[in-house]
Amino acid sequence: MIHITTLGSVRIGAPDGHSPIAMGQQAKRLALLSYLAVAGPRGAHRRDTILGLLWPELDNERARSALRQALHGIRKTLGADAVVSRGTELIELNLDVVSCDLHSLESAAQAGDASAVLDHYRGELLAGLFVADAPGFEQWVDGERARVNALVLEAAWQVAEGGPKSAIAPDVIRGVRAAMTVCRFDETALRRGMRLLSGAGATAEAFALHDRFVAEMRREFDVEPSAETVSLADELRRSRREMPRLSNADSVPTRVPVASIDATAVVPIDRPPATGSGRRRYGIAAALGLAIVLVGVVAELAPSAESELDPRQVL
């Protein structure tokens, strides 16, 4: 099957992008094929409509002759069945022979699959396609771009804002980047994206987004960001500086407090045996247990003397 790529630079070839097919130097042939692939509703299109878009400077007879020549060139390149006629006034792209990337994006949007919409989006619709002396065609392209951009933008914000905050940082980054690709110089979108990124813990990405935006605004228009954008950037910087950070002393305890030692775990508090020898053994064990506890107390109060302490001195 022949595949037409319309998102980004227009290309014709196999669906995997290999084996590109050249349409020659005829821009209007490529424009005609793009119109048949993109224009809605899907199906047949009137020849008169196409004549007005692509050959407005010619009279009807010469314009129809130019259309026939363009169709002949397309069929010669892509095959006789690529474009079919419906009677004498309608022509249609044969979707059994030719596929289009835009159709996949639109199907994903209709199914509510925002992530798939972004998967299919590869750039501005019909980027770089220009036809001289065809203002109607240029207006049609602008309208279609706006329509596709709206689909992509809606999907981008859905991806960026969906799911629990603890799990969507990669999706937030992906969605915000896609949104800013569509609305490149929109400061409202920039601030929305910065807030989403910061809220997801991707503060570094938020600042990178801000810095790229400011640099492009200066380069393209020689203007500075608005006061609202500057204020938001300052707010995020303050929040970043004020984030609590654990020191080593806070995060790793270096000593177990003496108060946490349970003497009963060292010296059992059972009633001493009734025999004299048993009482003597119990007394010795109790004294040794007390000595261990006292050693711990002294070690806590004077850690520098721990290595010199002799338990016999305590006794």
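Reader: Before we start, how are helices defined here?
Author: Helices are DSSP runs of H or I with at least four residues, numbered from the N terminus. The model itself is predicted.

Reader: Then α3: which residues does helix α3 cover, and what is its reach?
Author: Helix α3 spans residues 60–78, 19 residues in total. From first C-alpha to last it reaches 27 Å, close to the expected 27 Å.

Reader: What comes just after α3?
Author: Gly 79 does, and this residue takes a positive phi of about 120°.

Reader: Which residues of α3 are buried?
Author: They are Ala 63, Arg 64, Ala 66, Leu 67, Ala 70, Leu 71, Gly 73, Ile 74 and Leu 78.

Reader: And what do those buried residues pack against?
Author: Their partners are the strands β1 (2–5), β2 (11–13), β4 (83–86) and β5 (90–93), together with the helices α1 (27–38) and α2 (47–54).

Reader: Changing topic, how many residues has α7?
Author: Helix α7 has 14 residues, 169–182, and its end-to-end C-alpha reach of 20 Å is close to the 20 Å expected. Its buried residues are Val 172, Gly 175, Val 176, Ala 178, Ala 179, Met 180 and Val 182.

Reader: What covers them?
Author: The cover includes α5 (114–120), α6 (135–161), α8 (187–199) and α9 (203–221).

Reader: Last one: where is Glu 106, and why is it called buried?
Author: Glu 106 lies in helix α4, residues 101–110. Glu 106 is called buried because its relative accessible area is 12%, and the cut-off for buried is under 20%.

Reader: What does Glu 106 touch?
Author: Leaving out residues up to four places away in sequence, Glu 106 touches Arg 42, Arg 147 and Leu 151.

Technical notes:
Residues numbered from 1 in each chain as written. Predicted model: local features only at pLDDT ≥ 70, side-chain atom pairs only at ≥ 80, totals over all residues. Heavy atoms only, no water. Helix = DSSP H or I, 4+ residues; strand = E, 2+ residues; numbered from the N terminus. Expected span 1.5 Å × (residues − 1). Buried < 20%, exposed > 50% of the residue type's maximum accessible area, 1.4 Å probe, protein only. Contact = heavy atoms within 4.5 Å.
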